[in-house]
Amino acid sequence: MAADGFGELSRRGVLAGAAAMTGGTALAQNAAAPRPKGPVVWLDMDQKELDDAYDQAVYAPNREIVIKRCARNSALVRERIGVPNRFRYGPTEIEAADVFPAKTQNAPVMVFVHGGAWRVGRAADYHYMAEMFVNSGAHLVVLDFNNVGEVGGSLMAMADQIRRGVAWTVKNAKSFGGDPDRVYVSGHSSGGHWAGVLLTTDWQKFDLSQDCIKGGVCGSGMYDLKPVRMSARSNYVKFTDETERELSSQRHIDRLAAPVAIVYGTMETPEFQRQNRDFAAAVKAAGKTATVSVMEGYNHFEVMESFGNPYSLFGRAALEIMKLRPA
């Protein structure tokens, strides 16, 4: 089925399902009503379809419920295993890393970069996954950084912070009991985008070897910013040619020096599914290592929540790339 047909049918199906759950007759009628198609702007999508394809709320009516669950579970994890140590990696207050220590010295380190469409979220909202890593024998580092609205719409400013956060982790891993030769990265959504960027960064500019990251897990990310730039996200991101070029990891696979695991759900938007399929195919075509895990029946936020579960495809991908097993 053409991409625009898939997107419109999926969107209407999600809306109709939400209407049925809430008794929203008017919403169900709107979901079923055909919409005149506008001029095609990307693949087979018109502008409305493209905007919807980069707006998770359109395809995930339970978004707020899942986000609240993750925040509550983060609080519960802090009650069970303690609050993380917080270290500064940069000069401003937000440039800090929450470190949940492993129970053994010289343990591998997973760095997690949160999502939120580049515009929302803080590290504390993502502590729910810490227990899985700590119990499995790894340190978890959750980065804090400015959201795009706090840096004048610049993704390049965000990239600088996140890269410096990872560079600090590699250079200082021994200080918190980590193994600097076993540092991995992960992220979901816009954090999945950043994980791809980190895996294809020129680390020599940070006085590190190109293989300083030993593997990465990209959950539901974006790897070519051209269609994203054409979407409604350009209303709050100041895209430039440099931003699109430098922060599209699919264009820099020559820099990829580590295996990558790619995870996404079948209930995500058509563009997010395509982005992940295409990135995996490009990595494999370049003769490099990529695995793909497709989570049947999971929407974008359900994939995110599953990262704290060692038996989910997302959690399992992270542990496997670190050569760890569930506790």
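First, the naming. Helices (H or I, at least four residues) and strands (E, at least two) are DSSP runs, numbered from the N terminus. Now the source. This is a predicted model: local features need pLDDT of at least 70, side-chain atom pairs count only at pLDDT 80 or more, and totals for chains, interfaces and linings use all residues. Residues are numbered from 1 along each chain as its sequence is written, and side-chain values use heavy atoms, with hydrogens and water left out.

With that naming, look at helix α11, residues 270–285. Arg274 and Glu271 both sit in α11, three residues apart, about one turn of the helix. They form a salt bridge, with the closest N and O atoms 2.6 Å apart. By salt bridge I mean a side-chain nitrogen of Lys or Arg within 4 Å of a carboxyl oxygen of Asp or Glu. Both Arg274 and Glu271 are buried. Buried means under 20% relative accessible area, exposed means over 50%, and partly exposed is in between, with a 1.4 Å probe and protein chains only.

Now the network. Salt bridges that share partners join Asp224, Arg229, Asp241, Glu244 and Arg251 into one network. Take one link. Asp241 and Arg229 meet through their side chains at 2.9 Å, N to O. Asp241 lies in helix α10 (residues 241–246) and Arg229 in helix α9 (residues 226–230), so this pair ties together parts that are 12 residues apart in sequence. Asp241 is exposed, at 54% relative accessible area. Arg229 is partly exposed, at 26%.

Next link. Arg251 and Glu244 meet at 2.7 Å, N to O. Is Glu244 buried or exposed? Glu244 is buried, with a relative accessible area of 12%. Arg251 counts as partly exposed, at 36%.

Let's step back to the chain. It has 13 helices and 10 strands. Its C-alpha trace spans about 60 × 40 × 35 Å along the principal axes. With 327 residues, a compact globule would have a radius of gyration near 20 Å, and the chain has 19 Å, which agrees. That radius is taken over C-alpha atoms, and the globule rule is 2.2 Å times the number of residues to the power 0.38.

Buried residues make up 55% of the 327. On contacts: a contact means heavy atoms within 4.5 Å. Among contacts between residues at least 6 apart in sequence, 73% join residues at least 24 apart.

Ser190 is buried, at 2% relative accessible area. Leaving out residues up to four places away in sequence, Ser190 touches His114, Gly115, Gly116, Ala117, Trp118 and Met222. Ser190 and Gln161 are 29 residues apart in sequence and 15 Å apart in space, C-alpha to C-alpha.

How many of the residues of α8 are buried? The count is 10 of the 10, so α8 is largely enclosed by the rest of the structure. Among them are His193, Trp194 and Leu198. What do the buried residues of α8 pack against? They pack against β5 (107–113), α7 (155–172), β7 (178–188), β8 (213–219) and β9 (260–265).

That's the tour. Questions, please.
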